[in-house]
Amino acid sequence: MRPKQLLLVLLPLLVFSAVAMSAVSAPQLTNVSVVGQGNTTTVTMQASGGFTHNEYRPADNLLLVDLIGVSAGKLEDRTRAVQVAGVKQYHVVAYTGAGGVQIARLELTLNPHADVKVSESRDGLAVEVTAAETAAPEEAPKPEPAALKTAAPANTATETSASQKPAAG
C-alpha cells in the first residue's frame with residue numbers, strides 16, 4: 001500500500017511541475033528591428049519560438065500586432081521613436097488574454113495614410129510600411145513666347161440696336 005500512497009503524492013506534483021514549466025517556457029519576444037529604405041520601412045519581430053498573430057488597425061495612424069502565446073520578456077514597455085518612412089514610433093505591451101494566454105503586442109504609430117503589409121518571414125513577422133506619396137507641388141504654367149501668342153477676340157457676338165435695324169416695309 002505504501003507505493004500507491006507515494007504515487008498519489010508524487011503524480012500531482014509531477015503534473016503541477018509540467019504545467020508550471022510549460023508556462024515558464026512560453027516563447028519570448030526577443031527582438032524588434034526597424035529598417036527604413038526609401039519610402040518603405042520594414043519592422044521585424046522575432047520570438048524564441050513559434051506563435052500566431054493578429055493585426056488590427058483601429059485608426060489610420062495606429063497598427064496593433066498581437067503575438068499570441070508570446071511573452072514580451074525584456075522588451076515589455078519599450079518605446080522607441082524611430083521617425084522613418086511611414087513609422088513614427090513603436091511600443092511593446094504585455095497582457096494576458098482569455099484562458100491566461102500571454103500576448104505580446106507591438107503598437108506601431110504610423111504616419112497618416114501609410115500602406116501596411118504583414119507577412120511571415122524566416123526571421124519572424126515582418127510589417128512593411130510604405131509612406132503615403134506626398135503630392136508634388138503644382139508647377140506654375142509656363143508663359144508662352146510672344147510670337148506664338150494670339151489675341152482672342154474680346155466678343156464675337158454682335159448686338160444690333162433697334163435704331164440700326166432695317167425698316168420694315
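Predicted model: local features only at pLDDT ≥ 70, side-chain atom pairs only at ≥ 80, totals over all residues.

Trainee: What does strand S3 pair with?
Mentor: S3 (residues 52–59) runs antiparallel to S4, joined by six bridges. Strands here are DSSP E runs of at least two residues, numbered from the N terminus, and two strands pair if DSSP finds at least two bridges between them.

Trainee: How many residues sit between S3 and S4 in the hairpin?
Mentor: Two. Tyr56 stands opposite Leu64 in S4.

Trainee: And which strand pairs with S4 over seven bridges?
Mentor: S7 (residues 102–110), also in the antiparallel sense. There, Val65 stands opposite Leu106.

Trainee: Why is S4 largely enclosed?
Mentor: Five of its seven residues (62–68) are buried, so the rest of the structure largely encloses S4. Buried means under 20% relative accessible area, exposed over 50%, partly exposed in between, with a 1.4 Å probe and protein chains only.

Trainee: Where are the positive phi glycines in the hairpins?
Mentor: Gly86 is in the turn between S5 and S6, with a phi of about 85°. Gly99 belongs to the hairpin of S6 and S7, with a phi near 75°. That hairpin has five residues between its strands, and S6 and S7 pair over nine bridges.

Trainee: Changing topic: which residues touch the most other members of the largest nonpolar core?
Mentor: Leu29, Val32, Met45, Leu106 and Leu108, out of 21 residues. S7 gives the most to this core, with four residues. A nonpolar core is a set of buried Ala, Val, Leu, Ile, Met, Phe, Trp, Tyr and Cys residues joined through side-chain atoms within 4.5 Å.

Trainee: What does Leu106 touch?
Mentor: Leaving out residues up to four places away in sequence, its contacts include Val32, Met45, Leu63 and Tyr90. Contact means heavy atoms within 4.5 Å.

Trainee: Last one: is Thr44 buried or exposed?
Mentor: Buried, with a relative accessible area of 13%. Thr44 lies in strand S2 (residues 40–47). Beyond its neighbours within four places in sequence, Thr44 is in contact with Asn31, Val32, Ser33, Asp123, Leu125 and Ala126.

How values were computed. Residues numbered from 1 in each chain as written. Heavy atoms only, no water.
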